[in-house]
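Hello,

Here is the structure I promised to pass on. My notes follow below it.

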Amino acid sequence: MRAVCLALLSAWVFLISLGGCKPIENLDVTAYGFDRGTLLVDGRYTPDDHWEGRWKLVNVWARWCKPCWQEMPELNQFSALQNPDGVQVLGYNFDQLEQQALKPLISEMNIRFPVLTSWPDVWEFPDIKGLPATLLIAPDNSLVKVLWGPQTVASLKKEVTLAQATIPVSTVK
């Protein structure tokens, strides 16, 4: 067992050394076969399982969408009401702006929940025909429903409660 651990440690050190003299926080370990999840605008990463086992609400928004701005306080409040194992609220910019362009916009729009810089491969991305759109994603990472138009805390609670009651536990990983 000790030999296996030593071999794994040696392999890790070798891979890290391939990064040259970069600080460890600047190394792209995904290039070495490690999945850090999806990059968030604040520089953190989603869990590599993208919160599998939890319900997710992903709000698709844009700067030019007036109703998107209007619903942000509701989304912030809904997010704040969640316990650590509750519904994970996330944002995704419809225009797919780069991380640096998103940072000031998130501050300007007062978005207080994590915002994705790209769409995770494990989630289906529906054909978005209007904004805002809020995607309800089940614990098994399947798309349950798209909620069109501005949402409120009450409408989000209603939709999540209904989905949780209608999706059998056996289908959730």
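Helices (H or I, at least four residues) and strands (E, at least two) are DSSP runs, numbered from the N terminus. This is a predicted model, where local features need pLDDT of at least 70, side-chain atom pairs count only at pLDDT 80 or more, and totals for chains, interfaces and linings use all residues. Residues are numbered from 1 along each chain as its sequence is written, and side-chain values use heavy atoms, with hydrogens and water left out.

**Positive phi**

Gln96 sits in the loop between strand 2 and helix 3 (99–109). Its phi is near 55 degrees, a positive value in a residue other than glycine. Gln96 is exposed, at 52% relative accessible area. For the terms: buried is under 20% relative accessible area, exposed is over 50%, and partly exposed is in between (1.4 Å probe, protein chains only).

Trp51 also has a positive phi without being glycine, near 60 degrees. Trp51 belongs to the loop between helix 1 (2–17) and strand 1 (56–61). Trp51 is buried, with a relative accessible area of 12%.

**Asn93**

Asn93 is part of strand 2 (residues 88–93). Asn93 counts as buried because its relative accessible area is 1%. Its side chain reaches the backbone nitrogen of Asp95 at 3.1 Å. Leaving aside neighbours within four places in sequence, Asn93 is in contact with Trp61, Ala62, Leu102 and Leu105. Contact here means heavy atoms within 4.5 Å.

**Loops**

The Leu131 to Pro132 peptide bond is cis, with omega near -5 degrees. Pro132 lies in the loop between strand 3 (115–116) and strand 4 (133–137).

Gly43 is in the loop between helix 1 and strand 1. Gly43 is partly exposed, at 39% relative accessible area. Gly43 and Leu116 are 73 residues apart in sequence, yet 9.9 Å apart in space, C-alpha to C-alpha.

**Helix 2 and helix 4**

How do the axes of these two helices cross? Helix 2 (residues 66–80) and helix 4 (residues 153–166) have axes that come within 9 Å and cross at roughly 50 degrees. Axes are lines fitted to C-alpha atoms, for helices over the stretch in contact, and angles run from 0 to 180 degrees between N-to-C directions. The two helices are therefore oblique to each other. Angles under 35 degrees count as roughly parallel, over 145 as roughly antiparallel, 65 to 115 as roughly perpendicular, and the rest as oblique.

Glu74, Leu75, Gln77 and Phe78 in helix 2 meet Val153, Leu156, Lys157 and Val160 in helix 4.

Best wishes

How values were computed. A polar contact is a pair of N or O atoms within 3.5 Å; within protein, one must be able to donate a hydrogen and the other to accept it, and residues adjacent in sequence count only if both atoms are side-chain atoms.
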